[in-house]
Amino acid sequence: GKEKWPRGEEKVWKDAMRDVDTEVTSITKSFVNHVQTSLARQPYNLDNLGAYQAAALSVRDNLLVNWNETALQYTRKAPKRAYYLSLEFLMGRTLDNALLNLGLKDQYSEGVKKLGFSVEDILDQERDAALGNGGLGRLAACYLDSSASQELPVWGYGLRYKYGIFQQLISPAGDQLEAPDPWLDNQNPWELPRLDVSYEIRFYGQAERLGDGTPRATWSGGQEVLAVAYDVMIPGCYTKTTNNLRLWESKPKRGFDLNSFNAGNYEGAVEASNSAAAITSVLYPNDHTTFGKELRLKQQYFWTAASLADILRRFKNIGKPITEFPDYVAIQLNDTHPTLAIPELMRILIDEEDQPWSTAWQIVTNTFFYTNHTVLPEALEKWPVPLMEHLLPRHMQIIYDINLLFLQSVEKKFPGDRDRLGRMSLIEEGFPKQVRMAYLACIGSRKVNGVAELHSDLVKTTILKDFVEFEGISKFGNVTNGITPRRWLDQCNPELSSLISSTLKVDKAVWLKDLTRLEALLPFTEDEAFRKEWAAIKQRNKERLAHHVQTTLGFTINTNAMFDVQIKRLHEYKRQTLNILGVIHRYLTLKNMSAAEKKKVNPRVVFFAGKAAPAYYIAKLTIRLIVNVARIINEDPDTKDLLQLYFLPDYSVSLAEVLIPASDISQHISTAGTEASGTSNMKCSLTRMLVDGANIEIAEEVGESNVFFFGHLTPAVEDLRYQHTYHPTPIEEKCPALANVLNQVSAGLFGDAHVYEPLLNTIRQGDHYLLSDDFDSYIAALAMVDEAYLDQTEWVKKSIRTTAKMGKFSSDRAINEYAESYWNIEAQKIA
Ligand code: F55
């Protein structure tokens, strides 16, 4: 039918357009004003996308005032500041978060309603800012939210990728296909282009030592590229503090090469310009592997050099001597990706500021802090020396100099220990030689930390053991990860949030910023009415997810079932394979049950979501297996009422916000000692509980009875792997249940008889991630989950207890630990 225009109340539109003072609020006025001016549109054909843009621009005006005020006061007071250097910021959507942090959500909802729009529809128009792969990138986003909410002077620095993480499609055969993510196509109201803030970044060329008795050198020639700033406002929760995330875009220094242009060589004329723009064109979609690609190294240098130049310029405005740099600046390196900042700051201090080597090294090692996110050996970043020499000749010289002095000091402490020198050298021997970035980050930093207690202990006892022996234990610490309760509770689960506020009789402005207040929920586990409401909210969240799946994928989900989720990047160490093989086991068990036995079974819906790195063959094969198992079991009349399985494509922050509040149980089943921390475990536990291999700290907080543990612990892993290699036992003998499942897949029960052999063989041969060691106890743990779920009263109690004890895992706690124990920065009240 014909729609009525304008939507909503005509008088409200007209009054807002005429700017007359009626009951029309300032919000409606600013919304309508943006429709007419910024968007140059008419109220008569405004669609949801236009309404989203108008709302975003209007909210942005509010943020801008606070953002300018915050920047001004930081400049005036010149407190010590911290900078979070991360190649990834997995921000998700902004509008809802901004409305909630400003405390304006209700007013906006009402305002747009009068104009004929629903706030949900408007929020749903926004595209995710998906400039990250997974946990590491999302952690950076949570830390920005917490820094602003805790009023800490922290800025983020990253890259403005034109294309974020790829869009995941699933082919009819069940294969992952990758499509580009053109997130900027609809305009991005949240970024402020700063064409006036730019730096020239050099690549290639020649480095020549002056040889005048100083360590100085010149670096000239090569390619010069422009870094241009785009600023993103980061509002704190119920505070004026609005920090900044500065993202760099690469541009050619000149539009094109005039000489080639005049000579009629038009293609040649734009070539350099294209190669400059390529640097920030796309996010590398690999997690846990490094490829040694020149463009990736270019990204790393481009970003660290621009960020350091910007930080240095800001420091110089204070007018203090360069030796006081570490008193005003702390720089956190998010993994080894920004490690080039260490030789880059050395280069600036020596070649441009004319500082002696030891002064420069003193400044550097008091400025940087390094966070490690993995101990998997294949994930540790290394760069070929020939590539470094070619792209960054001066930095390679500096790295050799750092290495020489470093190894001399090691030799002094451990005379004659040549093995040790080889192990600790920044340069790994081989063809080609490679620079070990984790070692450079370690020796160039004030402190090094892992991201959970267990992981930090592993860092100290495995990959950086020699460095602990050399530098002393006090340099090595732990900051257990956290998540922001604003997005992961208040925003994605608003009903639970208001139940908590009304039950505790505490405004969410208080408990959202001091999550340990949730402990006061504990006595309410005995309150039946509260438990009922708690369960009812979960049920509505499950229906919200079911509705989402129905409208986007066309599947009808049984909302009376237990919702079981595993949502994270696909990786062998995370063992999605264990989960899918467990699902097959459950299916086979159900097929053999009598009707009477089936009556006692609680229905279960298993959800998977997550992306695989495009070149990760085994991970992609796992997706294909999940999709094809789903196809068979969802159609099987014998079982479909008791077991459903879904792979939800294109996992994102926004999808997580729908999935997590709907989950009854979540699976974190990595081989012991391989998952550094995990953060989806924390997100799921804010509402429910988990099965787990290594989430010891969560269990410590919430109580072991609220978590289902299974399988071998970290110390056993090396012995088990040794057994697999030197004394392999046939899987039929060791774990008949698993052998049966593997054989059924091999035989083609889910189609594609031969296709899955490479995946199944990772278990039959070597079994590096120990599925055959843990399968039986995994199945037993799942049975315990089923058993526990039958007692709904006790189950809901466990759920409440879990939420109540999650205070530790707020990213506010984590960011305060960084601020106090590492950066030495203080909160700034923005008046
Ligand atoms: C991205 C790029 C490269 Cl080159 C390497 C790794 C990654 C990446 O995404 N890593 C990642 O997400 N690591 C995760 O970090 C989380 C935050 O600390 C941890 O919780 C999680 O255990 C870890 O795997």
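1. Helices (H or I, at least four residues) and strands (E, at least two) are DSSP runs here, numbered from the N terminus. By that count the protein chain has 36 helices and 24 strands. Its radius of gyration, taken over C-alpha atoms, is 28 Å, and the globule rule (2.2 Å times the number of residues to the power 0.38) gives 28 Å for 831 residues, so the chain is as compact as a globular protein of that length.

2. Before you dig in: this is a predicted model, with local features needing pLDDT of at least 70 and side-chain atom pairs counting only at pLDDT 80 or more, while totals for chains, interfaces and linings use all residues. Numbering starts from 1 along each chain as its sequence is written.

3. On the overall extent, the C-alpha atoms fill a box of roughly 90 × 85 × 60 Å along the principal axes. Buried residues (20 or more other C-beta atoms within 10 Å of their own, with C-beta atoms placed from the backbone) make up 48% of the 831 residues.

4. Strand S4 (residues 154–159) is worth a look: six of its six residues are buried, so S4 is largely enclosed by the rest of the structure. Val154, Gly156 and Gly158 point one way, and Trp155, Tyr157 and Leu159 the other.

5. Now the neighbours of S4, where pairing takes at least two DSSP bridges between two strands. Strand S1 (residues 81–85) runs parallel to S4 and is joined to it by four bridges; tyrosine 83 has tryptophan 155 as its bridge partner. Strand S11 (residues 242–252) is also parallel to S4, again with four bridges, and there arginine 246 stands opposite tyrosine 157.

Definitions and conventions. A residue is buried if 20 or more other C-beta atoms lie within 10 Å of its own, exposed if 12 or fewer, and partly exposed in between; C-beta atoms are placed from the backbone.
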